[in-house]
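This report describes selected features of a single model.

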Amino acid sequence: DLATKHDISMDTLYQAWDASINDGGKDSDRLEKAAVAKESLRGATMEMVEMASFHFHRARENQGKVPKEGRMCLLPAVCGLKF
């Protein structure tokens, strides 16, 4: 699980969200926690993007094996292949 691997909890999400809407003022502890939270979220997001990209490219390689009648089901994934 990505959340466990990157040590992400609801507090992590709250700290990152709070930092995005507040400047943090002079509370260095709060700023440090926000920076750690953002880095954890960034790591999990990048790992998720890499895995999704892998699956999209693998599906594209194998799309020729899908019967012609079933290829219409693959159309929603086309926009994802651009990223």
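Which residues does serine 40 touch, not counting residues up to four places away in sequence? Serine 40 touches His6, Ile8 and Thr12, where contact means heavy atoms within 4.5 Å.

## Basis of the analysis

This is a predicted model, in which local features need pLDDT of at least 70 and side-chain atom pairs count only at pLDDT 80 or more, while totals for chains, interfaces and linings use all residues. Residues are numbered from 1 along each chain as its sequence is written, and side-chain values use heavy atoms, with hydrogens and water left out.

## Serine 40 and other positions in H3

Serine 40 lies in helix H3; helices (H or I, at least four residues) and strands (E, at least two) are DSSP runs, numbered from the N terminus. Serine 40 counts as buried because its relative accessibility is 15%. The classes are buried (under 20% relative accessible area), exposed (over 50%) and partly exposed (in between), with a 1.4 Å probe and protein chains only.

Valine 49 is also a residue of helix H3, and its relative accessibility of 45% makes it partly exposed. Alanine 52 and tryptophan 17 lie 35 residues apart in sequence, and their C-alpha atoms are 24 Å apart in space.

## Packing of H2 against H3

Two packed helices are described by the angle between their axes and the distance between the axes. For H2 and helix H3 (residues 28-62), the axes come within 8 Å and cross at roughly 115 degrees. Axes are lines fitted to C-alpha atoms, for helices over the stretch in contact, and angles run from 0 to 180 degrees between N-to-C directions. H2 is therefore roughly perpendicular to H3 (under 35 degrees is roughly parallel, over 145 roughly antiparallel, 65 to 115 roughly perpendicular and the rest oblique).

On the H2 side, Thr12, Leu13, Gln15, Ala16, Asp18 and Ala19 take part; they meet Arg30, Lys33, Ala34, Ala37, Lys38, Ser40 and Leu41 in H3. By class, this contact of H2 with H3 has six nonpolar, three polar and four charged residues (Ala, Val, Leu, Ile, Met, Phe, Trp, Tyr, Cys and Pro are nonpolar, Asp, Glu, Lys and Arg charged, and the others, Gly among them, polar).

Rings of Phe, Tyr and Trp (its six-membered ring) pair if their centres lie within 6.5 Å; planes under 30 degrees apart count as stacked, over 60 as edge-to-face and the rest as tilted. By this rule there is one aromatic pair. Tyrosine 14 and tryptophan 17 form this tilted pair, with 5.9 Å centre to centre and 45 degrees between the planes. Both residues belong to helix H2 (residues 10-21), three residues apart, about one turn of the helix. Tyrosine 14 is partly exposed at 48% relative accessibility, as is tryptophan 17 at 47%.

## Backbone at aspartate 7

Most residues other than glycine have a negative phi. Aspartate 7, although not a glycine, has a positive phi of about 55 degrees. Aspartate 7 is placed in the loop between helix H1 (2-5) and H2, and at 62% relative accessibility it counts as exposed.
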